[in-house]
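Me: I've got a protein model open and I'd like to work through it bit by bit. Can you take my questions one at a time?

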Amino acid sequence: MRQQALDMVHELARRDSRVVFIGSDLGPGVLDGMRREFPDRFFMEGVSEANIIGMAAGLAMDGYIPYVNTIATFLTRRCYEQLAIDLCLHNLPVRLISNGGGMVYAPLGPTHLATEDLAIVRALPNMSVVAPADETEMIRMMGVSLDLRGPLYIRVGKGNEPVVTGHVPDFAFGKAVPLRSGRDVVLISTGAQTGQTLKAADLLAEAGLSAGLLHLPTVKPLDRDAILAAAVATPLLVSVEEHTLIGGLGSAVADVLADAGVLKPLLRLGLPDAYPTGYGSQEYLLGQAGLLPGQIAARVQERLATLS
Amino acid sequence: MTVLDERSRYLRGLIIDALEGGGRGHVGSALSLVEIVRVLYDDVLRVRPDQPDWTDRDRFILSKGHGCLGLYVLLADKGFFPKEELLRQCKAGALLGGHPETHIPGVEASTGALGHGLNIGIGMALAARMQKRPSRVFVVLGDGELNEGSVWEGLMCAAKHKLSNLVVMVDSNKMQSYGRVEEVMDLGPLPVKFAAFGCAVREVDGHDVQALREVFAGLPADGDKPTAIICHTVKGKGISFCENDATWHHKASFKAELAGKMRAALETI
C-alpha cells in the first residue's frame, strides 16, 4: 500500500509541476525514479520531522503541494505542534503519507506503533483524514488527493492487504463505501482493518447472520448520512479499528449518533487504553486485542445475544 | 550604548500607544526588535504595502512572534493597515492579536509557538529558488527561541541546500521569559554555533541603524550559505526601567499610568 502511494506521488509529479516529495530518512532507493526525473522536487531531509513539516508549509505557502512520508508515529507525535500550527492553522495543502498506521511495526515495539494517530490528527481543525483499505483504493485516493483543500493525513497499512474495493468505481472523498448490506448488524471499519472485518462478516454469514459492512475510507470528514442510515436499518452497529478506543473511528461514530439523538447499541472494537506488549507480528497483536476475524465475529454474536 | 534617533523614538511611541490601547502586550521583546524591523522595512525588504501578496516580494517572518508589537508598528507605519488598529490590539474583534497571524496584511506566517518560523522560511526560500524568483526570506528569531531543537534542525537543512537567499537573524537581547539566557539555558558562543551549522555569520549592534544597513547591504554574505546575523540588542531598549528586566517581558494588565511613565522615559533618552 505504501509502495502504491509513493508510486502515485511520482505519477502526480509528472501530471502537476506543483507536486514535491519530502522524506525524512527513508530506506535506500525510495522513489529513486522520481529523484532522477525531478531532482528539484525530491527532498530527503534526515531525521528532522519538525523541520520537514515547517519546510513543507513554506513550500505550500508559495504554491507547491508537498507529499511528506515517514513512519506514522514520527509524522504525528513527533511534530504534532508543527502539524497544528504550520499546516492546519495556515490550512495548507500538505499530504502526510503515514507508514504503518496501527500495529504494522509490531516486532519493533511500542515506539513504532501508531495506535492513537487517528485521534490526534482528527482533533486538528482543517485536517482531513483518510485510511484506504487496500492498494486499489490507495491509488484512487492518491489521484483525488491532489485537488483537496487543506492538509491531509493518509494512514497507510502494511501492504498486500486483500483487495476489497476492486469493484468501487472511484474514490469519493468524505463518502462511505457500503461493501455489504445486512439486516442483523452493520460493521463499520476503516483502513486495512476493513479486510479483516469483511472476513468477520463472512464468518457471521456462515453462522446465519446478515452482517453488513460499511467501510469509511475518509475518517474526517465522516459520512454522517451513511452512518445514520446504517443505524436505522439494523439493531446493532459495530465499529472495528486498529486504534485505541479513545478518539478513533468508534468515537467518531458515537459522536455522530449522539449528535443526531439516535440511541442505538454500538459495540466498539479496538485497542484498550494500554501500550501493546509482546512483539511478534501485527496479526499476533491484533489477536491479543481480539481483532482477528474470528474474534470479531464472536464478539458481535455475543453482543447480539444480549439484544435478543 | 546606542543613541536612538527620532524615528526609533517615534516607533517606540507607537508601541506604547498600542500597549495602552490594548491594555496588554509583550514589552521588552518588542522594544529590542525595533531597529531590526525598521531597517528591514525602511531600507531592505522589497515589499508592496498596497499589494501584500505580490509574488516577487521578499518574505519577512517574525518567528519570535511575541515581539509582534515591534512588527505591527512598522506594518502600520508602511500602510499595510491603518494605524488605528494598533490601539485595539488584543481586543475582541480586533485585526491584531498578541501574536502575528496571516490574516493581517503583511504577515507571512502565523507565529507565536517558538521554533517554527525558520523552518517555514526554509520552504519559502526553496520555493523562491525553484520558481526562479528574486525573493529573499528574512527570519527573526529570539535567543530564547534558540532553545528549540527545530531551529537547529532547520539550520542543518538550510546549509545543506545552500540557501543564500535566506537570512536568519537573532534578536539577541540575552534575556528570556524567566531571566538571563545565560542562566536559563546558556547558548554558548552563538557565532561559532551558527558557523558550525553552516551559516555565514555576521554580528551587529541591533540598535545601530547605520550598522544594520551596512550588514544588509552585504547580503548574501556568502553565495553558498544562508546568512546568520546576530543582532546584539537590549531587551526593553529605550525605556530605562524596562531594560534588562525580566518582569517587563509581558504585561497582562497594562495600566495607563505605565504608558505615561514609559513616554516620559522615552523623552529623556
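Me: Let's start with B:Asp143. In which loop is B:Asp143 found?

Reply: Keep in mind that this is a predicted model. Look in chain B, between a strand and a helix that spans residues 149-160. B:Asp143 is found in the loop between β3 and α6.

Me: Is B:Asp143 buried or exposed?

Reply: The cut-off for buried is under 20% relative accessible area. B:Asp143 comes out at 3% relative accessibility, so B:Asp143 counts as buried.

Me: On to helix α9 of chain B. Why are its buried residues on the same side?

Reply: In α9, which covers residues 209-217 of chain B, the buried residues are B:Val209, B:Ala211, B:Leu212, B:Val215 and B:Phe216. They are on the same side of α9(B) because they cover an arc of only 160 degrees around the axis. As background, an α-helix has 3.6 residues a turn, so residues three or four places apart point the same way.

Me: Which residues are exposed on the other side of α9(B)?

Reply: The buried residues of α9(B) pack against α1, α3, β3, β4, β5 and β6 of chain B. Over on the other side of α9(B), the exposed residues are B:Glu214 and B:Ala217.

Me: At the start of α9(B), which residue's backbone nitrogen does a side-chain oxygen of B:Asp208 reach?

Reply: The oxygen belongs to the side chain of B:Asp208, while the nitrogen is a backbone atom. They come to within 3.2 Å, and the nitrogen is that of B:Gln210.

Me: What about the loop between α9 and β6 of chain B: which peptide bond there is cis?

Reply: B:Pro220 lies in that loop. Omega is near -10 degrees for the cis peptide bond, which runs from B:Leu219 to B:Pro220.

Me: Now the cysteines. How many disulfides are there over all chains?

Reply: A disulfide is a covalent bond between the sulfur atoms of two cysteines. The rule here asks for two cysteine sulfur atoms within 2.5 Å. Over all chains, the count comes to 0.

Me: Which cysteine has the nearest sulfur to that of B:Cys157?

Reply: B:Cys157 is in no disulfide. At 3% relative accessibility, B:Cys157 counts as buried. The nearest cysteine sulfur is 12 Å away and belongs to B:Cys199.

Me: Let's look at where the chains meet. What area is buried between chain B and chain A?

Reply: The contact takes 26 residues from chain B and 24 residues from chain A. In chain B, B:His116, B:Met130 and B:Glu153 lose the most area to chain A, together 30% of what that side buries. Carbon and sulfur atoms give 58% of the buried area, which is about 1800 Å².

Me: Which residues of chain B does A:His90 touch?

Reply: A:His90 lies in the loop between α5 and β4 of chain A. With a relative accessible area of 11%, A:His90 is buried. Its contacts include A:Met61 and A:Ile85, and on the chain B side B:Thr102, B:Ala109, B:Ser110 and B:Ile120.

Me: Last one: how far apart are the centres of the two domains of chain A?

Reply: The domain assignment gives domain 1 (2-155) and domain 2 (177-307) in chain A. Their contact takes 27 residues from domain 1 and 29 residues from domain 2, and they bury about 2100 Å² between them. Taken over C-alpha atoms, the centres are separated by 27 Å.

Definitions and conventions. Residues are numbered from 1 along each chain as its sequence is written. Chains are lettered from A and ligands numbered from 1 in the order in which they are written. This is a predicted model: local features need pLDDT of at least 70, side-chain atom pairs count only at pLDDT 80 or more; totals for chains, interfaces and linings use all residues. Side-chain values use heavy atoms; hydrogens and water are left out. Buried means under 20% relative accessible area, exposed over 50%, partly exposed in between (1.4 Å probe, protein chains only). Helices (H or I, at least four residues) and strands (E, at least two) are DSSP runs, numbered from the N terminus. The arc is that of the directions from the helix axis to the C-beta atoms. Contact means heavy atoms within 4.5 Å. A polar contact is a pair of N or O atoms within 3.5 Å; within protein, one must be able to donate a hydrogen and the other to accept it, and residues adjacent in sequence count only if both atoms are side-chain atoms. Domain bounds come from an automatic or database domain assignment. Buried area is the accessible area (1.4 Å probe) that two parts lose on being put together, summed over both.
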